[in-house]
Amino acid sequence: LSRKTDHPQPHKLKSMSDYAAQREERIKKNQEMLKKLGLAPTPKKKKKAPKRKKSSGEPVRKSSRRRKTLFKNLRGAQETKADDDEDFVPNEQVEDDEEDDAVYYDDKPHRAMKTTNTVQDLTTEGSHFEQILKVENAKTGRSKCRKCMEKLEKGELRVGMQAWIMGRQSMTWQHPKCFMENISFTREATGRGKCKISKKSFEAGEARLSLRSHTATSNVKLTLLPLCLRSFVKAVSEEKNSGDIEPHTWNGYEILEKEEREVVESGIKACSDYSHEDGDTSGKENIRRRKGAVKLAKEPGNDPVSTQPESGKKTKTGGKVAWKWGGMTCLGKLLPSRESGTHCYAKTHKGNIKTLTKGKSYWWMVEES
């Protein structure tokens with residue numbers, strides 16, 4: 001057998017063992033014998049790669065990867081080289097579906113938006129709008145004004161608005177005077193904001209009424225001012241120490257144009273006219289009763305079971321029912337097809353199913369008005 005290793009030097013043989021030295025000598029004799037016979041292996045030479053001919057117009061090596069295009073949807077934008085470190089700044093505007101959402105402002109004063117001089121009708125409209133203010137007399141004396149941080153005494157007039165406080169959405173209260181200090185007029189900056197009452201979007205630059213309580217701010221269209229402040233104006237007009245309602249003293253009144261100021265003044269006047277026409281002086285809003293509304297003021301007599309379907313039979317009785325739950329009175333509509341001999345089932349306006357046990361006094365049938 002042959003081995004492709006050189007014979008060790010004499011000084012290395014001295015350091016080897018006898019067996020290793022004899023083995024190396026045998027390998028050397030075998031290599032000499034193979035050379036004489038012409039069987040010695042010859043080392044292979046590595047082939048050099050052929051050189052490419054350089055052309056005058058094309059580069060030596062071209063990548064097959066696609067280059068990424070920067071600034072998509074740009075007019076006249078060109079692909080930038082990978083070696084460029086400078087940012088590409090297009091001269092043209094962006095062509096995109098969201099181009100209308102971008103709003104640009106300059107230092108020029110705003111023009112008054114096109115607003116109607118008519119305010120929302122308080123009697124025929126507004127039943128489907130969300131009421132953001134609650135005006136009432138303090139019930140316990142434990143609440144605190146979020147403006148001056150003073151306690152509200154029991155029976156004292158207070159204005160409530162929903163706000164995020166103590167990790168939850170809750171009602172926050174203020175004195176009427178403190179509430180008026182938090183009323184301001186602002187303008188929509190981006191066009192993405194919505195009216196808190198009607199849920200309709202504001203136009204960019206449109207004037208709006210802003211109500212603040214604690215950390216929450218609710219923005220309302222100027223034309224819906226009567227629907228928002230009618231209960232507040234009515235309660236303040238009846239209260240002696242609540243102060244007068246003067247919109248020109250509210251923050252931001254100077255940014256309003258002439259047409260917008262007329263809308264505000266007519267809105268306040270409509271609120272005061274509505275409060276004088278209303279004969280109820282209890283401080284609560286006079287809500288018009290719709291067709292099919294139920295009477296909630298009085299519960300049935302001493303025997304509410306008498307109004308229930310007969311126990312032990314399937315009477316398939318329908319109609320509206322009311323029941324007590326958690327100190328509140330809930331409403332629902334009976335489902336005749338699901339009635340059994342011992343239970344009735346009612347469906348709420350949210351679609352939930354309530355099980356009502358026959359013969360129990362916590363629920364009763366309600367007459368439609």
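Predicted model: local features only at pLDDT ≥ 70, side-chain atom pairs only at ≥ 80, totals over all residues.
Local features are reported only at pLDDT of at least 70 and side-chain atom pairs only at pLDDT 80 or more, whereas totals for chains, interfaces and linings use all residues. Residues are numbered from 1 along each chain as its sequence is written, and side-chain values use heavy atoms, with hydrogens and water left out.

Let me begin with the chain as a whole. Its secondary structure comes to five helices and eleven strands; these are DSSP runs numbered from the N terminus, with helices being H or I of at least four residues and strands E of at least two. The chain has 369 residues, and 30% of them are buried. Here buried means under 20% relative accessible area, exposed means over 50%, and partly exposed lies in between, with a 1.4 Å probe and protein chains only. Of the contacts between residues at least 6 apart in sequence, 55% join residues at least 24 apart, a contact being heavy atoms within 4.5 Å.

I turn now to a buried residue. Where is K358 found? K358 sits in the loop between β10 (353-357) and β11 (363-366). K358 counts as buried because its relative accessibility is 7%. Its side chain reaches the backbone oxygen of E310 at 3.2 Å, and a polar atom of that side chain lies 2.9 Å from the backbone oxygen of S340. Leaving aside residues up to four places away in sequence, K358 touches a set of residues including Q308, P309, K313, H343, C344 and W363.

Most residues other than glycine have a negative phi. M166, however, is a residue other than glycine with a positive phi, near 55 degrees. M166 lies in the loop between β2 (157-165) and β3 (168-174), and M166 is exposed because its relative accessible area is 76%. K316, which is not a glycine either, has a positive phi of about 50 degrees. K316 is placed in the loop between α5 (258-277) and β7 (320-325). Is K316 buried or exposed? With a relative accessible area of 63%, K316 is exposed.

M33 is partly exposed, because its relative accessible area is 48%.

Terms used:
Polar contact = N/O pair within 3.5 Å; in protein donor to acceptor, adjacent residues only side chain to side chain.
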